[in-house]
Amino acid sequence: MIIDLHAHSTRSDGKESPTEVFERAALAGVNILALTDHDTTSGWDEAAAAAKRLGLGFVPGIEVTTRAKVQRDGRSRHISVHMLAYLPDPTHQGLNSVLGDSVSTRETRAKAMVDLMAVDYDITWQLVLEQLEPGATIGRPALADALVSLGVVSHRSEAFETILSKHGGYYIPSETVDVFEAISLIREAGGVPVIAHPLGGAPDNLDRGDLPQEHFEKLIEGGLAGFEVYHREVPQVAREWLLGLASTHDLIVTGSSDYHGEHGKPNRLGENSTAPEMLERILALGSGVEAQL
Ligand code: AMP
Ligand code: FE
Ligand code: FE
Ligand code: ZN
């Protein structure tokens, strides 16, 4: 049984429609897939129809863009936290208003990055829009696609490693909802909040003393339900630490691909999966909308 609880479509920064994502999931041998586009539920209906036709299970989800204030070296700074929300009520007003704000600040931020890049490259906002389906949640991947179309880079990852990286000279951080508020709203909407790729991208020689124990414990007190431990970006040291924390606090542990399309990112459908008993816990806890299994 392959249960993959994190995938993106053209409703945000994936390269394939929800239908095509489910078709590819079936070919990859995935049995149950969650569609978790960034800050939108607009792909759920199409995903549900495709899953039904293909005989796959569908878990409705969102990857909510949030930020956390952390103390580091005696200074307070913001870090980006992606929060997966499974089975939230898509009509919940508070959650919808936060998602709407995030979509619009993502657009403002992307426009500001385009203005910076336009000094050195032929990129325009129009060209960026041409990379997207109308209504899609915008992010750096659309800027990367515009750079690819200009021939400045040859693929998305090259853009992320150079021009679009945090140190590339054009990066602007996203302004978005605080992680504690996001967790409360997801819970209020009957959803199950699970941190996506926690400590993702941290170096593999991460010092255990540097791990943000207090911060994570506050998130758990605030209603966090679990961690996406098995994800290609989560280093081994962090996995062991997260599994310990999950066991101490009896949290849900998931594993997923974070698929963005054949040509979106190297992540492959089903490359990580979630244990059936963990999906059972998500289903038991989530009450905003039903999964289609
Ligand atoms: P943003 O949220 O706009 O800062 O952009 C980050 C998004 O870009 C994440 O959601 C990733 O899914 C995506 N991303 C990050 N690295 C890459 C990469 N190397 N290739 C394609 N997409 C990426
Ligand atoms: Fe993404
Ligand atoms: Fe993410
Ligand atoms: Zn994702």
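Modeller: Let me begin with burial: a residue is called buried under 20% relative accessible area, exposed over 50% and partly exposed in between, using a 1.4 Å probe and protein chains only. Helices (H or I, at least four residues) and strands (E, at least two) are DSSP runs, numbered from the N terminus. This is a predicted model, in which local features need pLDDT of at least 70 and side-chain atom pairs count only at pLDDT 80 or more, while totals for chains, interfaces and linings use all residues. Residues are numbered from 1 along each chain as its sequence is written, chains are lettered from A and ligands numbered from 1 in the order in which they are written, and side-chain values use heavy atoms, with hydrogens and water left out.

Biologist: Fine, then how many of the residues of H5 are buried?

Modeller: Eight of the 10 residues of H5 are buried, so that helix is mostly covered. The buried residues are Arg140, Pro141, Ala142, Leu143, Ala144, Asp145, Ala146 and Leu147.

Biologist: And what do the buried residues of H5 pack against?

Modeller: They pack against H3, H4 and H6, where contact means heavy atoms within 4.5 Å.

Biologist: At what angle do the axes of H3 and H5 cross?

Modeller: The axes of H3 and H5 (residues 140-149) cross at roughly 35° and come within 10 Å; axes here are lines fitted to C-alpha atoms, for helices over the stretch in contact, and angles run from 0 to 180 degrees between N-to-C directions. The crossing of H3 past H5 is right-handed, a term used if the near helix is turned clockwise from the far one by less than a right angle, with anticlockwise being left-handed.

Biologist: Which residues make that contact?

Modeller: H3 contributes Arg109, Ala110, Met113, Val114 and Met117, and H5 contributes Arg140, Leu143 and Leu147. Six of the residues in this contact are nonpolar, none is polar and two are charged, with Ala, Val, Leu, Ile, Met, Phe, Trp, Tyr, Cys and Pro counted as nonpolar, Asp, Glu, Lys and Arg as charged, and the others, Gly among them, as polar.

Biologist: Changing topic to the metals, which are the protein donors of the iron ion (ligand 2)?

Modeller: They are Asp13 (OD), His38 (NE2) and His260 (NE2), at 2.1 to 2.2 Å from the ion; donors are N, O and S atoms within 2.8 Å of the metal (3.2 Å for Na, K and Ca), and since water is not among the atoms, sites may look incomplete. Asp13 sits in the loop between strand S1 (3-4) and helix H1 (18-27), and His38 in the loop between strand S2 (32-35) and helix H2 (44-54), 25 residues apart. Asp13 counts as buried at 10% relative accessibility, and His38 does at 6%.

Biologist: How many Å apart are the iron ion (ligand 2) and the iron ion (ligand 3)?

Modeller: The two ions are 5.3 Å apart. The iron ion (ligand 3) has Glu63 (OE), His82 (ND1) and His197 (NE2) as its protein donors, lying 2.0 to 2.3 Å from it. Glu63 belongs to strand S3 (residues 57-72) and His82 to strand S4 (residues 75-86), so this pair ties together parts that are 19 residues apart in sequence. Both Glu63 and His82 are buried.

Biologist: What about His197, is it buried or exposed?

Modeller: His197 counts as buried, at 16% relative accessibility, and its place is in the loop between strand S6 (192-195) and H8. Its phi is near 30°, a positive value in a residue other than glycine. Most residues other than glycine have a negative phi.

Biologist: Last topic, how many aromatic pairs does the whole structure hold?

Modeller: The search finds four aromatic pairs; rings of Phe, Tyr and Trp (its six-membered ring) pair if their centres lie within 6.5 Å, and planes under 30 degrees apart count as stacked, over 60 as edge-to-face and the rest as tilted. One of them joins Tyr121 and Tyr170, with centres 6.1 Å apart and planes at 65°, so the pair is edge-to-face. Tyr121 is partly exposed at 24% relative accessible area, whereas Tyr170 is buried at 11%.

Biologist: And how are the rings of Phe216 and Trp241 arranged?

Modeller: They are edge-to-face as well, 5.3 Å centre to centre with 80° between the planes. Ring pairs link Phe216, Phe227 and Trp241 into a cluster.
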